[in-house]
Amino acid sequence: MTAERIPMESGPVTAMDSIQIDAAGLTTQQLNDLLRRAVADGLKKIELRNVCGQRYIGTDLDQPVEIDIYGTPGNDLGSFMDGPRIRVHGNAQDGCGNTMNQGEIVVYGHAGDITGLSARGGNIFVRDYVGYRAAIHMKEYQEQKPALVIGGTAQDFLGEYMAGGTVIVLGMELKPGEKHRARFIGTGMHGGAIYLRGEVEKYQLGKEVGVKELDDNDRAALGSLVGEFARHFSYEAEGLLQGKFIKLVPLYLRPYGRLYASG
Amino acid sequence: MTIGEIRKGNGDHLLRGVPEGLRPSGRIRPLSPFQGERGRGERSIEALNNPYNDDKVISACSLFGMMDVSGKVFSGKEIIRAIANMHVRSNGLGGGFAVYGLYPRYADYYAFHLMYMNKQARAETEDLLRENFHQVLAEEIPVNPCIAVSNAPGLFRYFLEPEPASLNGRPADDFVIEKVMQINTCIEGAFVFSSGKNMGVFKGAAYPEDIASYFRLEEYEGYLWTAHGRFPTNTPGWWGGAHPFNILDWTVVHNGEISSYGINRRYLEMFGYACALQTDTEVIAYAMDLLMRRHKLPMEAAVSVLAPAFWEEIERMPAAKQELHRALRTVYGSLLLNGPFTVIIARQGEMMGLTDRIRLRPLTAATRGDMFFLSSEESAIRLVCPELDRAWIPMGGEPVIARLGGTKVVAEGAVAAGRAAC
């Protein structure tokens, strides 16, 4: 089905520049065709209702449109996206923000495995927790610097092979004395930084990361991103910044450089 | 022998709650393998689909499980919708379902579901069954002939009780396993794909929703259902290679690849389990039977065999726990499942979800009242139950278990600070 042939009567137009689309029963391709058409028509606010597993929502859109998703979007939400701001009123599945270039994804719930994988720009805010391998191979280049801010905690392999960008884990709702459970944090990490509030044992960290105290530059970066996080979810930023943060940084630029060949 | 001779019913007595007018009438059409004159020794589907006799089949699939822990039965309608919602995870080369609480009228009899790839296979199998079992019912499994599935074998079911003389003092379950293995390995083109009591597996080489329509699963009821959509990437799918895999009332649906299949299979062979279906998942069903029924391990210990704690984790455990985990790893090292996997394992009254220790395949769990769900994707759960009490992603290697009788989820395996997001 081509975009030209799709009628736009899927939902009532609520204002001149906004539209509501009922995604019930739509395939991944149909839904993304509708989105492309809506953006091409100059719409600025798009509300998707009854989303249920459709993948790649918002992929390759390159305008700063706002997309509100009600329901459960499928895997690779916002993959390769270049500008839109997506709000998920529920949980996100695996691969959220896959290789996104610019824009924002806000998840009012938790997000699945490999959240923010290979992201090259833009911000992802997750209110609760993320699954395995969040921020795997996230990267940065000059002005392009992605960030993933997690309110709760993360499962194993957070920041695996991370090459750039910023990950913040706020450890909200950890009970007193409770530690993060994530193991293998930063395994193979060779760029970027992970800021972590809440306790972890040394054995939970990958062999390629070191622990550092925060300096003023770190605090400024943290303050700005946590401030944004707090605004999205109506928290007090001040409270979120209290308590001890540690900074995890790579020990080597090429951790496996000598694994297969000497010299 | 013709089909009509053995078929004593048309399956209507099993279709509870279906209005009379909607039930099938008349003869069930002869199935394709019987239409031609394909005899023994000619090309079987098995030979066609796995010409190089590969050791294992790799797959990345869709899984779904739903259970009412109060034991209330429900139709297959919802799980069919749920698994169909994950259509893109499979490729039409395998789909299947397991249903528990399925045959209450024959709850005390072993319900054998058979696939026959040729006429001779059926004749030989029925001879073997007659010699060893008392049969209370034997019939063709009712199918909807309007559903286009390819290469459908002959599909029959038998409700059986071992003849006391045949048992010779052995436990009936052991005897049944021996006969299942005998049929699967010694009779060419015959496969037992379900052998438990008051439960049944329905599967084949098609998308799961098509398999459901073919077997008319909306008309059956059970309190626990699991489903699978297959994406085999190593060998073409065939009817016997579809999931769930079963022995007695154990069923397993699996997403991933058991790279330890060779070791697992050889170990299980020592205990009389013969892997005949050419797909890695088969070993999990047999491993569970060995560990839990024969060796009487509790579910949690069996899980520690399949997905054991890392040695370095064991070193950090308290002494008594260390001893247990070291013993399990030492005794059952050959049953460790290596490679990426998510499985839903079920038996009468119990359903369990488990991923490999570093979670290379996805799993989401959820509860709503007495309902417990496991799925590859949360969206499939939300489709059939939009409002959930709780939806969460279990940690790798930690089982999520639901049992009949209200104890619901005994091992949540939740993240440290997971909020109950609804």
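Colleague: Hi! Is A:Tyr161 buried, exposed or something in between, and what is its relative accessible area?
Modeller: A:Tyr161 is partly exposed, at a relative accessible area of 33%. Buried means under 20% and exposed over 50%, with partly exposed in between (1.4 Å probe, protein chains only). This is a predicted model, where local features need pLDDT of at least 70, side-chain atom pairs count only at pLDDT 80 or more, and totals for chains, interfaces and linings use all residues. Residues are numbered from 1 along each chain as its sequence is written, chains are lettered from A in the order in which they are written, and side-chain values use heavy atoms, leaving out hydrogens and water.

Colleague: Which side chain does B:Asp174 meet in a salt bridge?
Modeller: That of B:Arg293, at 2.9 Å, N to O. B:Asp174 lies in helix α7 and B:Arg293 in helix α10 of chain B, so the pair ties together parts 119 residues apart in sequence. Helices here are DSSP runs (H or I, at least four residues), and strands are E runs of at least two.

Colleague: And what about B:Glu350, buried or exposed?
Modeller: B:Glu350 is buried, at 4%. B:Arg403 forms a salt bridge with B:Glu350, the closest N and O atoms being 2.4 Å apart. B:Arg347 also meets B:Glu350 in a salt bridge, at 2.7 Å.

Note on methods: A salt bridge is a side-chain nitrogen of Lys or Arg within 4 Å of a carboxyl oxygen of Asp or Glu.
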